[in-house]
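Please read this report alongside the sequence and the coordinates.

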Amino acid sequence: MHNPGIATPERFPAQDRFADGAQFIAGRLTKGTSGRTHAVVDPATGEEVYTYELAGADDVDAAVAAARAAFPGWSSATVGERSDALHRFAAVLAERAEDFARAESLQCGKPLKLTREFDVPGTIDNTAFFAGAARHLQGQSAGEYSGDHTSYVRREPIGVVGSIAPWNYPLQMAAWKILPAIAAGNTIVLKPAELTPLTSLLFAQAATDAGIPDGVVNIVTGTGREAGERLVGHPDVAMTSFTGSTAVGKRVAEIATATVKRLHLELGGKAPFVVFDDADLEAAVHGAVAGSLINTGQDCTAATRAYVQRPLYEAFVERTAALMETVRLGDPFAPGTDLGPLISHVQRDRVAAFVDRARGYARVVTGGETPKGELESGAYYRPTLIADAAQDSEIVQSEIFGPVLVVLPFDSDDDGIRLANDTPYGLAASAWSSNVYRANRATREIKAGCVWINDHIPIISEMPHGGYKASGFGKDMSAYSFEEYTQVKHVMFDNTAVAAKDWHRTVFGDR
């Protein structure tokens, strides 16, 4: 069911498309069978905008069965046919860009200018990239390494992929999981976060409208405990891809291991932002504010720990606080809004609790409060800068997932790099310096899957995204991601038709 009249057509132009339910199985929307409902809430207002029936185990089974039935036809399609379908898919997404942008802003609280300029164009670009990548599902000729035999390697699809996406970038995460999987010839069942299913459902509908066969892309919207665990543990699912917290990732790995599935995990982050004393201070300050506040800080690659060499430390703290105070909170659909709410009041209160505990051992330079007045009903929290915390404190070591930046000083270059590596995480990092040797050292010695130099946060379809250490393993985007969704087969030919006899004679003698 959906609740008409709560979200205006201007804010939610695609709302009528969800009247039939929030499960997309075998090419059509259906209602969930769990017997329980869930509401999508606009985090900017606290109002319910869509209520739907959650998926149960039966829905997961039906989606996996649909994906399994579609696999033989889709996996045997030529690479050209899959590529053409993905090109059509990109065109449909472009035609519906505004619907996607508004639905994403509504369910996440992201400023509309962000979804229009980043989330939706990035998703279309990803689709176009994998449309091209589909034509390059290459094996490799290994030549004649063994006498009269010729070897080569085939890359083949794995089967049904079961993926779980988070709530912070629901559209892009759906794309990052669905596109490489189906470009390589797999079929997929995706479980989006129950807080933010709208754009994943629109994405699946667009795939079907572009001519991708029914059952290739399926969506089940339910809880992690019921729908998620059923999907990860399903015996007909050959690969699991999960993006989310490290704690939940460990549980996913535990369940997947029982059926020996291929596993892809993109987990938490605590990205360091290392500013050496020869850095362009103004550039670093602007980079820190943008990098820490992107998506209201709900980004596993967001700058969360700024380490600033001591000669620049006080000036960095002062100027970063001043710039943060100019950031405009407001209605995500208002043109002047820089920062929207957090995803929910629960998440806002979690972030506030981190900051409140830090007051006992660190200095809250700016922020650290919820706004009053017309924004009180939303899940808003002011951009927050914290200084002088200890390296082993909670605010430095734990993933907060909110608009909070912690700044610490360091003395030598060795100290800066050591501190940058001193958390369990290793997803992303940045280093700021005008010295090419310092910058190059940082790229070598900081243990993270991505290290930016004199920038923080940009990503591109052609390059991989994924972590080290407790941030997981496997890559999203790029050709590396494409290969994640394939399995390798060695094929060997006897060119003489007598080699098998010779081998038998060698092993068993002349008989």
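The model is predicted, so local features need pLDDT of at least 70 and side-chain atom pairs count only at pLDDT 80 or more, whereas totals for chains, interfaces and linings use all residues. Residues are numbered from 1 along each chain as its sequence is written, and side-chain values use heavy atoms, with hydrogens and water left out.

**Salt bridges**

Side chains of opposite charge can pair when their charged atoms come close. With a salt bridge taken as a side-chain nitrogen of Lys or Arg within 4 Å of a carboxyl oxygen of Asp or Glu, a search of the whole structure finds 33 of them.

| Pair | N to O distance |
|---|---|
| Asp 338 and Lys 113 | 3.0 Å |
| Glu 282 and Arg 319 | 2.5 Å |
| Arg 441 and Asp 414 | 2.5 Å |

The salt bridge of Asp 338 with Lys 113 has an N to O distance of 3.0 Å. Because Asp 338 lies in the loop between helix 10 (310-324) and helix 11 (345-358) while Lys 113 belongs to helix 4 (residues 112-133), this pair ties together parts that are 225 residues apart in sequence. Helices here are DSSP runs (H or I, at least four residues), numbered from the N terminus. On the scale used for accessibility, buried means under 20% relative accessible area, exposed means over 50%, and partly exposed lies in between (1.4 Å probe, protein chains only). Asp 338, at 29%, is partly exposed, and Lys 113, at 34%, is partly exposed as well.

Glu 282 and Arg 319 also form a salt bridge, and this pair links distant parts of the chain, with Glu 282 in helix 9 (residues 281-293) and Arg 319 in helix 10, 37 residues apart. Glu 282 has a relative accessibility of 35% and is partly exposed; Arg 319 is partly exposed at 38%.

In the salt bridge between Arg 441 and Asp 414, Arg 441 comes from helix 14 (residues 436-445) and Asp 414 from helix 13 (residues 413-420), so parts that are 27 residues apart in sequence are tied together. Arg 441 is partly exposed at 22%, and Asp 414 is partly exposed at 47%.

**The domain interface**

The domain assignment, which comes from an automatic or database source, gives domain 1 (17-75 + 147-266) and domain 2 (272-453). Their centres, taken over C-alpha atoms, are separated by 32 Å. The contact (heavy atoms within 4.5 Å) takes eleven residues from domain 1 and 19 residues from domain 2. Across this interface the rule finds zero salt bridges.

**Thr 123**

Where does Thr 123 lie? Thr 123 lies in helix 4, and at 2% relative accessibility this residue is buried. Leaving aside residues up to four places away in sequence, Thr 123 touches Leu 93, Leu 171, Gln 172, Ala 175, Leu 179 and Phe 203.

Terms used: Helices (H or I, at least four residues) and strands (E, at least two) are DSSP runs, numbered from the N terminus.
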